[in-house]
Amino acid sequence: MYLRGQEWTYVRACLDSSWISSAGPETDRFEEALAAWMEVPYVVAVTSGAQALHLALILAGVKPGDYVITADLTYVATANAIHHAGATPLLVDADPHTWQLDIDLLEARLTTETYQTPEGLYLRADGRRIGALMPVHAWGWGPDMDNLSALAAQYGLPLIEDAADAMGSRDAGRHAGTAGLIGCMSFNGNKIITTGGGGALMTADAALARQARHLSVQAKTDPLAYDHDAAGFTCRMPALLAALGRAQLEQLPHLLALKANLAARYHELLADYPAPHTPEQFLPNNWVYPFLHPAADRLLRELVARGVPARPLWRPLHQLTLYAHCPYWTESHVSAGLAARGITLPVDPAQPVAEFEAVAAAIRALNSSNI
């Protein structure tokens with residue numbers, strides 16, 4: 001967490017105004033600043049990235065009983081949002097080079113394992129509708145959104161981007177989260193910018209933005225009367241969080257530059273260890289630095305014991321008891337292999353460069369001692 005801007009000033013001003021809930025003007029200011037930065041017409045700020053995903057699925061027309069296609073190698077919040085919408089994740093294995101959702105595998109399985117009718121796309125195995133495609137921008141990288149957009153259009157699927165990790169990342173100059181019908185960001189405490197907790201939906205569709213904002217305040221239809229036209233939520237971002245986020249957003253260009261330099265240093269120091277391939281057109285935010293190690297579990301324990309907040313890759317969703325029943329499209333179980341050998345290191349701009357070099361040296365030393 002990098003708090004070196006106007007955070008105190010903006011939060012104090014918010015407190016002084018007494019407008020600390022979502023009814024105050026600060027939430028609108030943060031949304032406007034986000035929309036300008038993301039170069040997208042509409043942003044709706046909410047209380048978490050997971051809530052943004054849940055709302056996005058509802059807005060996209062996903063119904064109970066539907067499938068939603070998503071990545072197998074992602075954080076559980078992605079699948080949980082699908083579950084809370086009453087749908088079931090349809091999991092797609094990872095690409096061995098990018099570690100993102102395998103687009104070639106997805107295209108092949110859509111051809112052989114689905115059928116289309118005027119009402120939508122259906123899975124041959126059980127006749128259930130596929131309601132949306134929700135790719136993930138994992139670790140601040142991302143899949144090829146041009147190809148995924150083309151597939152979504154071909155099969156009539158709403159495209160929802162889980163860009164929770166990817167604030168500041170760009171694909172061919174386009175901000176992560178802005179290629180589909182709706183994109184979703186997270187501003188959790190561990191993200192590149194934070195509101196402590198929070199998230200946002202991004203869209204170019206004015207009607208969807210209005211409905212998202214409407215649902216986020218319990219779908220109230222009258223400013224005075226207690227009348228509601230839908231089962232809404234209490235999830236619009238409070239002003240205190242928005243004030244913090246606005247100060248954080250002002251520092252984002254500086255943070256991106258710092259993290260790019262630090263990640264490049266890790267890439268140089270850990271060149272012997274495989275990392276995900278980043279396509280030329282993709283500019284990641286370098287949220288974390290992921291790499292593979294043949295003895296990842298033992299190395300991870302050693303690093304944590306030395307005070308390094310390293311983490312494993314996420315456990316693939318098909319391996320979780322919660323989602324073991326879900327359809328899983330795979331040819332060679334890539335996500336399981338990556339998870340078994342994967343580690344992520346923090347790329348913290350507040351950390352001295354010497355500490356990055358010490359971490360890399362420790363990894364090399366542990367490797368040479370046959371950990």
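Predicted model: local features only at pLDDT ≥ 70, side-chain atom pairs only at ≥ 80, totals over all residues.

Which residue in β3 does Thr-70 stand opposite? I looked it up, and Thr-70 stands opposite Leu-91.

Residues are numbered from 1 along each chain as its sequence is written, and side-chain values use heavy atoms, with hydrogens and water left out.

**Entry 1: around β2**

I kept the bookkeeping rules handy. Helices (H or I, at least four residues) and strands (E, at least two) are DSSP runs, numbered from the N terminus. Two strands pair if DSSP finds at least two bridges between them.

β2 covers residues 67–71, and I found five of its five residues buried. Buried here means under 20% relative accessible area, exposed means over 50%, and partly exposed is in between (1.4 Å probe, protein chains only).

I then checked the partners of β2. With β3 (residues 88–92) it pairs in the parallel sense over five bridges. From β2 the chain goes through helix α4 (residues 76–84) to β3, and this β-α-β crossover is right-handed. That word means that, with the strands pointing away from the viewer, the path from the first strand over the helix to the second runs clockwise.

β2 also pairs with β6 (residues 129–134), again in the parallel sense, over four bridges. Ile-69 has Leu-133 as its bridge partner in β6.

**Entry 2: Ile-69**

I stayed with Ile-69, which sits in strand β2. Is Ile-69 buried or exposed? Its relative accessibility is 0%, so Ile-69 counts as buried. Contact means heavy atoms within 4.5 Å. Leaving aside neighbours within four places in sequence, Ile-69 is in contact with residues including Leu-90, Val-92, Leu-106, Ile-130 and Leu-157. I also looked at Thr-195, 126 residues from Ile-69 along the chain: their C-alpha atoms are separated by 29 Å.

**Entry 3: helix α4**

Next I listed the buried residues of α4: Ala-77, Thr-78, Ala-79, Ala-81 and Ile-82. What covers them includes α3 (49–59), β2, β3, β6 and β7 (160–162). Just after α4, Gly-86 takes a positive phi of about 85°.

**Entry 4: a four-stranded sheet**

I traced an open sheet with mixed pairing and the strand order β1-β11-β10-β7. Its edge strands are β1 and β7, each pairing on one side only. From one strand to the next, the twist averages 20°. α3 packs on this sheet, touching β1, β7, β10 (182–186) and β11, and its direction makes about 165° with that of β10. Axes are lines fitted to C-alpha atoms, for helices over the stretch in contact, and angles run from 0 to 180 degrees between N-to-C directions.

β1 and β11 (residues 199–203) run antiparallel and are joined by five bridges. In that pair, Val-43 stands opposite Met-202.

Another open sheet has the order β13-β16-β14, with antiparallel pairing. β13 (288–292) and β14 (311–312) are the edge strands. I counted five bridges between β13 and β16 (residues 342–346), and Pro-290 stands opposite Thr-344 in β16. Helix α11 (residues 334–341) lies across β13 and β16, at about 55° to β16.

I also stopped at β4 (residues 114–117) and β5 (residues 120–123), which pair in the antiparallel sense over four bridges. They form a hairpin with two residues between them, and Thr-114 stands opposite Leu-123.

**Entry 5: α1 and α8**

How do the axes of α1 and α8 cross? The axes of α1 (residues 7–17) and α8 (residues 239–250) come within 8 Å and cross at roughly 155°. The two helices are therefore roughly antiparallel to each other (angles under 35 degrees count as roughly parallel, over 145 as roughly antiparallel, 65 to 115 as roughly perpendicular and the rest as oblique). Among the α1 residues that meet α8 are Tyr-10, Val-11 and Leu-15.

Ser-18, in the loop between α1 and α2 (26–38), has a positive phi of about 70° although it is not a glycine. At 59% relative accessibility, Ser-18 counts as exposed. Glu-39, in the loop between α2 and β1 (42–46), also has a positive phi, near 55°. Glu-39 counts as exposed at 60% relative accessibility.
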